[in-house]
Amino acid sequence: SNHKTIAIDGPAGAGKSTVARMVAQKLGLLYIDTGAMYRAITLKALREGIRTDNPAALTELAGRTNVELVAGSKQQVIMDGEDVTEAVRYPEVCLNVSKIAQISGVRAILVEQQRRLAEKSGVVMDGRDIGTVVLPRANYKFFLTASPEERARRRASELATKGYTIDIEKLTREIQERDYTDSHRAVSPLVPAADAIVIDSSGLGIESVVNMMIDLVEKDK
Ligand code: C5P
């Protein structure tokens, strides 16, 4: 297709979603948070009591679940008509999502939906496998990282604003576990695409990361 596509991958808490949303807004592209799709499937599996070690049932569940991402100042996540924007951030979902994201049947279903979204319009898509698997021919690929400590700090302040009490050490451990699972899984592990631009945002503000990306994209016009 002729639409502009920008892939932003990286580990949890690197600032991907904030950066991706801002880049999309500045360039007039649609922002798609693919993590929210895995989270919605996870939420539904938890509600139905389907175990994370049951790939057949989870793949079947993914096939009969409709996840919609509604653009706005804050992207809304709609699952089977229900607004689950808040619910997909529950600690219980965070703890289980990486297990469900390892299942190749679940991934195949979501990857196809993600590709279809990118055919309809220009997108900034964030996730783990966007540059490697979902949109290997994206116009721009970024891999955004930050040190685990920095990422835990960011997640903590994000959660604190939502009223959660945070144990920073526990959070760091959970982030490291999720990174490990995401990076070592057999299907679509979290790795930078060979042609991705790697940005370590540890010492950088969100604005400077956004500007770096915009500059690169605009330079080409
Ligand atoms: O980005 P976010 O932290 O919301 O993603 C939640 C989880 O969903 C990740 O830890 C990962 O296991 C999974 N995920 C994935 N592939 C994507 C996006 C998210 O496996 N493209």
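Tutor: Start with S188. It sits in the loop between helix 8 and strand 8 (197–200). Helices (H or I, at least four residues) and strands (E, at least two) are DSSP runs, numbered from the N terminus. This is a predicted model: local features need pLDDT of at least 70, side-chain atom pairs count only at pLDDT 80 or more, and totals for chains, interfaces and linings use all residues. Residues are numbered from 1 along each chain as its sequence is written, and side-chain values use heavy atoms, with hydrogens and water left out.

Student: Why does S188 count as buried?

Tutor: Buried means under 20% relative accessible area, exposed over 50%, and partly exposed in between (1.4 Å probe, protein chains only). S188 has 14% relative accessibility, so it counts as buried.

Student: Which residues does S188 touch, not counting those up to four places away in sequence?

Tutor: R107, D129 and V133. Contact means heavy atoms within 4.5 Å.

Student: What makes the phi of S188 worth a remark?

Tutor: Its phi is near 45°, a positive value in a residue other than glycine. Most residues other than glycine have a negative phi. D80 also has a phi near 45°, and D80 is not glycine.

Student: What order and pairing does the open sheet of three strands have?

Tutor: The order is 3-4-5, with antiparallel pairing. Strand 3 (67–70) and strand 5 (82–83) are the edge strands, since each pairs on one side only.

Student: V77 lies in strand 4. Why is V77 called buried?

Tutor: Its relative accessible area is 2%, so V77 falls under the 20% limit. Leaving aside neighbours within four places in sequence, V77 is in contact with A36, A40, V67, E68, L69, E82, D83, V84, T85 and V88. V123 is 46 residues from V77 in sequence and 17 Å away in space, C-alpha to C-alpha.

Student: What makes a set of residues a nonpolar core?

Tutor: The members are buried Ala, Val, Leu, Ile, Met, Phe, Trp, Tyr and Cys residues, joined through side-chain atoms within 4.5 Å. The largest such core here has 34 residues, and I41, V106, M125 and L135 touch the most other members. Elements that give two or more residues to this core include helix 2 (34–48), helix 5 (104–120) and strand 6 (123–127). Helix 2 gives the largest share, seven residues. Apart from this core lies another, of 19 residues, among them A14, V19, M213 and V217.

Student: What does L135 touch, beyond four places in sequence?

Tutor: T5, A118, V123, M125, I130 and K141.

Student: What makes a space a pocket?

Tutor: Rolling a probe the size of a water molecule over the atoms shows where empty space is left. On a 1 Å grid over the protein atoms alone, a pocket is an open set of points where a 1.4 Å probe fits, with protein on both sides within 12 Å along at least five of seven lines. Lining residues have an atom within 4 Å of a point. Volume is the space filled by probe spheres set on the points, with points joined across faces, edges and corners. The largest pocket holds about 830 Å³. Its lining has 39 residues, and S17, D33, R89, R155 and E158 lie nearest its centre.

Student: How does that lining split by class?

Tutor: Nine nonpolar, 12 polar and 18 charged residues. Ala, Val, Leu, Ile, Met, Phe, Trp, Tyr, Cys and Pro count as nonpolar, Asp, Glu, Lys and Arg as charged, and the others, Gly among them, as polar.

Student: What volume and lining does the second largest pocket have?

Tutor: The volume is about 490 Å³. Of its 21 lining residues, P91, C94, L95, L171 and E174 lie nearest the centre. Helix 8 supplies the largest share of this lining, seven residues. By class, the lining has eight nonpolar, three polar and 10 charged residues.

Student: E174 lies in helix 8. Why is E174 called partly exposed?

Tutor: Its relative accessible area is 25%, so E174 falls between the 20% and 50% limits.

How values were computed
Two strands pair if DSSP finds at least two bridges between them.
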